Amino acid sequence: MTDNSPKPASGPLRAGIAGAGVFGGYHASKYVADPRVEFVGVFDPVRDHAEALCARQGGRAFEALGELLDAIDVLTVTSPAVFHHDAAHRALQAGKPVLVEKPIAATLDEARELVTLAAANALPLQVGHQERFVFEAMGLFQPGLPALEALEARRIGTPSARNLDVSVTLDLMIHDIDLVLALAGADPVSIRAEMHAERGGLADHITTVLTFETGLQAKLESSRVAAERARTMTLGYQGGAGLDVDFIAKTFDHAHGLDLNAGFADTEMARDSLGEGVKRFVTSVLDGSPVAVPGQAGLAALETALAIDAAAGSISRI
């Protein structure tokens with residue numbers, strides 16, 4: 001029988017990475033910097049990638065995921081989205097807590113299976129929706145704010161060879177989807193969407209309007225074929241309160257009627273939101289506290305993202 005109790009604080013938490021891409025390197029560096037953690041190593045089917053990551057961060061390049069799982073206490077999954085389920089599922093079956101980058105999985109059935117398996121085995125399952133920590137640093141999740149009535153977000157980027165296995169909805173827009181769902185505290189009751197694809201059937205540019213039972217309308221736009229990057233959001237609250245957020249500059253402007261933290265950009269969680277997520281995951285494993293972004297939230301964001309793609313007519317290859 002697997003022992004799923006938190007690891008005693010007397011020894012470092014042994015952590016590994018599945019997926020040696022850019023985000024695998026980011027996550028490995030956070031583990032290396034955490035004195036509570038021993039970074040053990042990484043598995044990637046492209047061994048050269050795993051060896052290159054370990055040359056930078058230390059640890060061992062494992063030849064098989066099973067060998068890595070035998071050597072660690074926790075796993076972070078940073079592989080392409082189509083492989084998230086396999087690595088996370090095997091880790092959870094082996095009794096290992098999991099931090100999985102967004103999206104939680106490629107399909108709803110896969111995501112539901114991970115959430116169910118983690119709950120059945122009382123294992124932490126956290127999803128990498130780290131923009132939440134920027135909002136937390138601002139104070140946008142504090143109780144007592146007026147009701148949110150309108151939201152507009154643009155998250156656009158330049159062409160890249162990364163993440164072409166999924167639509168731009170699952171690649172970029174899912175960050176804003178997660179924030180909207182967290183702010184609304186509910187799923188949308190209606191979805192309208194339009195898409196444009198330049199590289200096959202998957203959406204490269206998409207716009208959507210999510211309507212919630214409260215009357216909140218969220219207008220979201222994402223592109224990965226734009227001429228320049230932008231990450232902005234405008235929030236309008238009951239009584240005329242509101243603000244404009246720039247995620248790249250980590251600033252907000254025109255904030256009125258809201259008691260927010262104007263110096264949020266100087267907080268650690270806003271400066272390094274990915275690092276904050278890793279730190280909280282480690283804390284949850286060690287002391288048994290709830291994870292910062294539970295698997296159920298990742299499932300909800302995925303469900304809405306796939307519904308947007310369906311409404312827009314984007315044909316997924318997954």
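The overall fold and packing of a predicted protein chain are described here. Residues are numbered from 1 along each chain as its sequence is written. In this predicted model, local features need pLDDT of at least 70 and side-chain atom pairs count only at pLDDT 80 or more, whereas totals for chains, interfaces and linings use all residues; side-chain values use heavy atoms, without hydrogens or water.

The mean pLDDT (the predictor's confidence in each residue, from 0 to 100) is 92. A value of 70 or more is reached by 92% of residues. Residues 1-6 fall below 50.

The chain holds 10 helices and 13 strands. These are DSSP runs, numbered from the N terminus: H or I of at least four residues for helices, E of at least two for strands. The radius of gyration, taken over C-alpha atoms, is 19 Å. The C-alpha atoms fill a box of roughly 55 × 45 × 35 Å along the principal axes.

Buried residues (under 20% relative accessible area, 1.4 Å probe, protein chains only) account for 50% of the 318. The largest nonpolar core has 76 residues. Such a core is a set of buried Ala, Val, Leu, Ile, Met, Phe, Trp, Tyr and Cys residues joined through side-chain atoms within 4.5 Å. Helix 7 (residues 168-184) supplies its largest share, 9 residues. Leu-75, Ile-104 and Leu-151 are among the members that touch the most others. A second, separate core of 20 residues includes Cys-54 and Val-282.

Notes: Contact means heavy atoms within 4.5 Å. The radius of gyration is taken over C-alpha atoms; the globule rule is 2.2 Å times the number of residues to the power 0.38.
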